[in-house]
Structure formats: C-alpha cells, structure tokens
Amino acid sequence: MIKICLLLLTLSSFGVIAAETTSANVYIISPLNGAELSSPVTVRFGLSGMGVAPAGVDKPNTGHHHLLIDVDTLPDLTMPVPASANHVHFGGGQTEVMLNLEPGEHSLQLLMGDKYHIPHKPVVLSEKIIIQVK
Ligand SMILES: [Cu+2]
C-alpha cells in the first residue's frame with residue numbers, strides 16, 4: 001500500500017513538472033518577417049500550447065495577446081503590460097488586427113498576458129518580425 005502511494009505521489013509530481021515546463025508558443029502567422037506591404041496591415045496571431053481567453057476570465061493555461069509595435073525594450077515582465085499606441089491589448093480575445101502604419105520599417109512582436117495583463121512565467125513571447133510598409 002505504501003508503495004502504491006509513493007508511486008502515485010511520484011506520478012503526480014511528474015505531472016506537475018510536465019505541466020510547468022510545457023512551453024506555449026506564440027507567433028505571428030502573417031505578415032512574414034521581411035514582408036513589404038501597404039497599410040493597413042492585417043496581423044494574424046498564432047498560439048499553441050495554451051488557449052486564448054478574454055482579460056479578466058479566470059481559466060487555467062489561457063491568456064490574451066498583446067502586440068508590441070516598434071518596441072525596442074520589452075516592458076517589465078513582472079508587471080501588467082502597459083497600454084499605449086505601441087503596446088496594444090487584445091483583452092477581448094481577438095486573434096488578428098488591422099493596423100494603420102506609417103510608411104517605413106516597423107517591428108511587430110506578440111506577448112501573452114494573463115487575466116491581469118501580466119506576462120506568464122515562463123514568458124510567452126513571439127519572435128520579433130520586421131516589415132516594410134510602402
Ligand atoms: Cu492585456
């Protein structure tokens with residue numbers, strides 16, 4: 001009996017470890033890195049390993065997208081993502097946006113945040129892409 005309990009304990013602790021280390025992945029489906037396009041630009045958000053839920057909704061392993069536009073320095077990842085023209089929240093659970101961008105080079109990067117807009121631990125951050133707007 002003790003052995004069975006130990007086995008169950010071991011299995012459940014493995015379960016917890018697996019859940020914590022399963023890394024979610026956020027990425028920009030389109031546009032592609034290096035794309036040259038005209039404004040408005042439709043940006044589509046991709047996510048695997050976790051779900052999208054609106055801000056304020058308490059559901060495990062979910063979050064909502066934040067689009068960082070022309071952000072060189074990441075915000076403090078222990079605090080709610082700031083809200084500005086360069087830090088756009090999709091607290092409704094949206095997975096795409098149409099952006100009006102000035103001609104020139106722009107960077108785009110996605111950052112997931114939890115129900116309080118705080119980045120997850122470990123952080124779920126996309127690669128930064130660079131696009132050219134004509
Ligand atoms: Cu947010």
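**Figure 1. His117 in the loop between strand 8 and strand 9 of the predicted model.** His117 is found in the loop that links strand 8 (residues 104–113) to strand 9 (129–133). Strands (E, at least two residues) and helices (H or I, at least four residues) are DSSP runs, numbered from the N terminus. Phi of His117 is positive, near 70 degrees, although the residue is not glycine. Most residues other than glycine have a negative phi, and most peptide bonds are trans. His117 counts as buried because it has 20 C-beta neighbours inside 10 Å. The classes are buried (20 or more other C-beta atoms within 10 Å of the residue's own), exposed (12 or fewer) and partly exposed (in between), with C-beta atoms placed from the backbone. This is a predicted model, in which local features need pLDDT of at least 70, side-chain atom pairs count only at pLDDT 80 or more, and totals for chains, interfaces and linings use all residues. Residues are numbered from 1 along each chain as its sequence is written.

**Figure 2. Asn61 in the loop between strand 4 and strand 5.** Asn61 lies between these two strands and has a positive phi of about 55 degrees without being a glycine. Asn61 counts as exposed, because 12 C-beta neighbours lie inside 10 Å.

**Figure 3. Strand 5 and its partners.** Six of the eight residues of strand 5 (residues 62–69) are buried. Strand 5 runs parallel to strand 4 (residues 51–52), joined by two bridges, and Gly51 stands opposite Thr62. Strand 5 and strand 8 run antiparallel and are joined by six bridges; Ile69 has Leu108 as its bridge partner there. Three bridges join strand 5 to strand 6, also in the antiparallel sense, with His89 as the bridge partner of His66. Two strands pair if DSSP finds at least two bridges between them.

**Figure 4. Gly93 in the loop between strand 6 and strand 7.** Gly93 sits between strand 6 (87–89) and strand 7 (96–99). Gly93 counts as partly exposed because it has 15 C-beta neighbours inside 10 Å. Not counting residues up to four places away in sequence, Gly93 touches Val52, Ala53, Pro54 and His64; a contact requires C-beta atoms, placed from the backbone, to lie within 7 Å. Gly93 and Ala53 are 40 residues apart along the chain, with their C-alpha atoms separated by 5.4 Å.

Figure 5. Strand 1 pairs with strand 3 (residues 41–48) over five bridges, and Asn25 stands opposite Ser48.

**Figure 6. Two cis peptide bonds.** The peptide bond from Ser30 to Pro31 is cis, with omega near 0 degrees; Pro31 lies in the loop between strand 1 and strand 2 (36–37). A cis peptide bond also joins Ser39 and Pro40, with omega about 0 degrees, and Pro40 is found in the loop between strand 2 and strand 3.

Figure 7. For residues 1–21, pLDDT stays under 50 and the model has zero contacts beyond four places in sequence. pLDDT is the predictor's confidence in each residue, from 0 to 100. The mean pLDDT of the protein chain is 89, and 84% of its residues reach 70 or more.

Methods: Two residues are in contact if their C-beta atoms, placed from the backbone, lie within 7 Å.
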